[in-house]
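Subject: A structure for you to look at

Hi,

Here is the structure I promised to pass on. Have a look at it first, and then read my notes below.

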Amino acid sequence: MARPARSNIASVILRVLPRETALHRAWAGSKLLALTVLTITAVVFPTWTSLGLLCVVAVAGFLVARATASAIPRFPGAVWIVLAVTALLAWAGGGLSAFVISIALTVVLTLLAAIAAWTTPLADLAPAVAVLWSPLRRIGVPVNEWSLTTALAVRAVPLFFDELRVLVAARRLRGGERVRGVRAAWGALADVLTAVLAATQRRATEFGRSMTLRGGVPQVAIRRPTLTRGDVVLLIIAFGASAVIIAAGILGL
Amino acid sequence: MTSIGPGSGALRAREIAAAAMLAAASVTVVTIGALLPRTGALELLAMIPLAVIADRFRIRALIAAIAAAAVTCFLIGGVTAGLVVIASGMVGGVVGAAHRRGRGAWTMAAISAVLAPIAALAANALLLLLPVTRTLAIEAVSGTVSGFARFLSLFPGLGPVARGFTDLAATVGTSWWLWVVVGMLAAVPSAVFITWRLLTAILARLDWVSVDDPLESAHLADSENAVGPLPVELHGVLVQHPGQALPALDGVDLRVEAGEFVVIEGPNGSGKSTLALVLAGLAINGGRVERPRGVGLGAVGGTALLTQRAEVGALGARLVDDILWGVDDPTSVDVDDLLDVVGLPNMRDRATASLSGGQLQRLALAAALARRPSLLIADEATAMVDAAGRAELTDLLAALPQRLGMAVVHISHNAADGQRADRVVRMRDGRVEFDRAGPACARRASMAEFAARALDTAGSVDSPLVRRMPQEMRDRRPATVAPLLRVRSAAYVHALGTPWEHRALTGVELDLGPGDGLLITGENGSGKTTLAWMLAGLLRPTDGSCELDGRPVADRIGSVALAFQHARLQLQKRTVREDILSAAGRAARSKHRDDNAFAEHWLETVGLPAGLADRGIDALSGGQQRRVAIAGILASRPRVLVLDEPFAGLDPAARGDLVATLLAVRDETKLAIAVVSHDLAGLEELCPRVLQLQNGSPA
């Protein structure tokens with residue numbers, strides 16, 4: 001029996017959990033907003049209090065989304081070794097607590113982003129972002145073109161993951177050729193980037209033509225989202241947790 | 001190089017598309033970097049696509065790209081990824097803008113000299129404003145450094161070094177701002193310099209000059225007009241593409257009226273596609289085009305153009321998003337009905353990324369019909385659909401004039417399509433060879449019947465291929481010689497052990513011997529491509545075995561050659577010659593002293609002129625790139641070759657050439673060939689055996 005191919009990260013990110021939960025039903029904009037608020041407060045107040053609260057929020061989100069540990073991508077062993085060695089050094093130097101907080105916060109924030117991604121189809125992201133950005137129109141921000149660019153970029157990201165997979169596979173198939181020295185490595189890097197950008201350029205031409213064929217740059221309709229009870233609960237939790245973190249931070253807890 | 005189009009105003013379609021694609025490239029790089037910390041250096045490369053935007057497009061496009069990339073990265077990779085992309089956009093943007101003005105090393109040094117203090121100042125201001133974060137960072141860094149010092153002090157003789165590190169750790173707490181300054185003074189110039197050098201190397205090879213789309217310019221000029229494209233009359237139209245000796249169209253007269261089904265035929269290069277563009281509003285260099293009112297490209301009641309590569313232009317993430325993309329009044333469109341008519345029933349919420357080429361062409365037709373055009377131009381728009389589906393779609397196109405009163409101009413390689421036409425126009429060398437009433441005129445009455453039938457059967461797509469296959473091809477004759485490649489009850493499960501677990505293959509058995517030819521076919525999603533990757537060893541079977549000479553192929557990747565559908569990604573060197581030599585490997589070309597003759601020999605083998613050897617990869621057409629990729633593979637002298645959809649996007653003549661090449665090589669070198677293809681036509685001799693996959697199992 002062969003080893004399962006769990007380490008293929010491209011096959012598990014950007015994918016929505018096949019479930020029907022309150023978080024799946026919530027508006028993509030609420031999830032983005034909650035994520036943004038929690039992230040900002042955690043960056044401003046990286047304390048044990050925020051770590052604890054964020055862990056609670058993340059675990060709750062994890063359970064509500066009915067996610068399983070198997071959805072989390074596996075990291076290569078080298079990552080754990082580097083982390084362990086650094087932790088050991090920090091412990092020896094008396095900075096273990098600070099080290100743990102900073103690493104754990106990064107992990108929890110990434111997990112929160114992952115929970116949002118697990119419950120939000122990419123197609124819902126751009127319309128929600130357009131609504132969140134819409135107040136910026138008053139100060140002259142070209143929200144329409146930003147939203148369209150986001151929508152197309154989101155559409156293209158999975159295509160790029162596929163292309164990168166092919167690129168890596170093609171290099172493995174050629175094998176044999178060792179890259180020796182800085183100059184050769186530099187040349188190989190330029191080769192790979194040129195291939196990626198050539199594919200990018202082709203797609204850009206095709207998508208541009210495709211837009212023209214549909215009458216050019218459209219006005220993105222900004223539709224007021226219908227908020228569910230889940231949205232309200234989600235936003236109350238996010239803003240509530242942030243308020244507690246800020247209060248605790250100011251009081252120096 | 002100056003900026004395209006108007007120097008101010010909203011972004012054009014071409015600019016938005018470029019900004020979005022380059023943003024997506026950055027997002028991909030940053031995300032992989034964030035999720036695989038081992039490849040953290042990868043994040044530096046995120047600057048390159050953003051620098052390209054600044055180099056070739058307006059700053060406005062760069063800002064839109066940064067905004068799009070930041071929000072996408074934030075969701076996928078978290079806050080660090082989002083911040084990395086914003087910083088990359090700033091550095092890449094400045095470098096790209098300087099590169100665009102042709103500036104060199106001194107300017108880059110000056111940029112670094114300005115950017116580094118700004119970055120240091122900004123970082124210090126942030127740390128000053130965020131005391132909690134600052135304290136934490138200081139503790140973590142000084143802790144790790146003094147921990148390292150204690151580790152060093154364990155070794156005798158390293159005492160002074162250890163004390164040095166201890167002192168260093170102490171300075172983090174007292175003069176953290178200095179550390180930030182030193183860090184930025186090191187990081188910013190390195191980032192600027194690397195970005196600049198890479199950008200220069202890449203842009204020298206890639207031709208991003210075609211940043212403007214002539215059809216878009218024509219459309220913008222037309223957009224003020226009221227819509228009314230029919231009847232359209234062309235009088236002595238001349239079109240000269242820049243940089244080409246002969247005009248693409250030379251004195252073309254043509255009239256298209258409402259309710260007509262016009263078929264345009266002619267060989268490659270006869271000007272058919274240019275004629276389609278002129279009907280869609282492209283500016284002409286001579287003669288005149290008369291329409292009652294504007295072309296209305298993509299407008300309701302205007303003109304719709306389905307291009308040759310209609311399968312690559314799906315804009316929406318889901319089918320419904322794509323059909324409604326840019327439609328002013330979504331409530332006026334019955335999406336389910338449209339999907340039914342083009343043969344994609346009940347697929348409204350499917351992701352466009354999951355569709356096959358043929359299905360995407362059907363989707364493009366649905367999106368065109370959603371605007372109820374008066375004039376529908378289909379330029380080889382059914383090439384990716386299999387033979388039965390193509391007949392079905394042509395029936396549908398032929399029925400539209402009768403059913404909805406629109407004019408349909410159908411450009412086709414397929415001579416049989418002329419049978420249904422009201423008029424047949426043949427093009428040759430940029431001129432109209434003849435323009436006469438088609439057979440269908442006499443059978444107007446039967447057309448209505450035809451229409452009804454086409455719309456009835458449109459629902460049943462991609463009927464099992466096996467039904468259309470000759471009986472003898474279905475027989476899976478055992479290989480006559482001892483097999484090289486042996487697959488036994490092989491299975492593959494994607495994302496095994498995750499919530500997205502998906503069984504792609506089950507119980508596959510196959511033998512491939514020297515000189516064998518096997519066709520692997522099946523519907524979209526039947527596991528064809530997964531099997532191709534498994535045969536090449538890129539995927540290890542999750543159950544069963546896939547062995548070459550009795551050893552798992554996955555243990556020796558490269559021993560089975562694989563030609564990918566997307567040839568450009570397979571080509572990894574700057575020129576055709578370098579790529580063929582690199583693909584061949586040292587062992588295969590050691591017998592030849594002369595590298596030039598070696599590369600040229602393989603170019604000729606795949607039917608390309610030897611003169612192509614010095615060309616840059618990106619100066620080739622898509623069809624040529626696929627042939628060069630195959631040339632490189634053949635030069636490596638594989639014993640087994642797997643080709644994934646090698647005929648996608650090739651016209652019938654090019655397809656015939658490629659089959660003949662493969663056949664000759666197979667018979668000469670006893671190469672074992674497995675072809676993955678959805679289209680069976682003309683492969684009987686190359687692939688006497690067929691493996692039909694259905695839901696991942698042999699049917």
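In chain B of this predicted model, strand S5 (residues 303–306) runs parallel to strand S6, and 4 bridges join the two. Within that pairing, Leu305(B) sits opposite Ile377(B) of S6(B). On to strand S7 (residues 407–411) of chain B: S6(B) is joined to S7(B) by 5 bridges, and these two strands are parallel as well. Here Asp379(B) has Ile411(B) as its bridge partner. Strands (E, at least two residues) and helices (H or I, at least four residues) are DSSP runs numbered from the N terminus, and two strands pair if DSSP finds at least two bridges between them.

How many of the residues of strand S6(B) are buried? The answer is 5 of the 5 (residues 375–379), so the strand is largely enclosed by the rest of the structure. Buried means that 20 or more other C-beta atoms, placed from the backbone, lie within 10 Å of the residue's own; with 12 or fewer it is exposed, and in between partly exposed. In a regular strand, side chains alternate between the two faces of the sheet. Both faces of S6(B) are covered: Leu375(B), Ile377(B) and Asp379(B) are buried on one side, Leu376(B) and Ala378(B) on the other.

Chain B also has an open, antiparallel sheet of 3 strands in the order S2-S1-S4. Strands S2 (249–256) and S4 (286–290) of chain B are at the edges with a single partner strand each, so one side of each has no neighbour in the sheet. From one strand to the next, the twist averages 15 degrees. Strand S1 (residues 232–239) of chain B pairs with S2(B) over 6 bridges, with Val232(B) opposite Val256(B). Helix H10 (residues 272–279) of chain B lies across S1, S2 and S4 of that chain, at about 130 degrees to S1(B). Angles run from 0 to 180 degrees between N-to-C directions, with axes fitted to C-alpha atoms, for helices over the stretch in contact (C-beta atoms, placed from the backbone, within 7 Å).

Now for confidence. Chain B averages a pLDDT (the predictor's confidence in each residue, from 0 to 100) of 84, and 89% of its residues score at least 70. Over residues 442–479 of chain B, pLDDT is below 50. The model scores ipTM 0.91 and pTM 0.86.

Residues are numbered from 1 along each chain as its sequence is written, while chains are lettered from A and ligands numbered from 1 in the order written. As this is a predicted model, local features need pLDDT of at least 70 and side-chain atom pairs count only at 80 or more, whereas totals for chains, interfaces and linings use all residues.

Enjoy exploring!

Terms used: Two residues are in contact if their C-beta atoms, placed from the backbone, lie within 7 Å.
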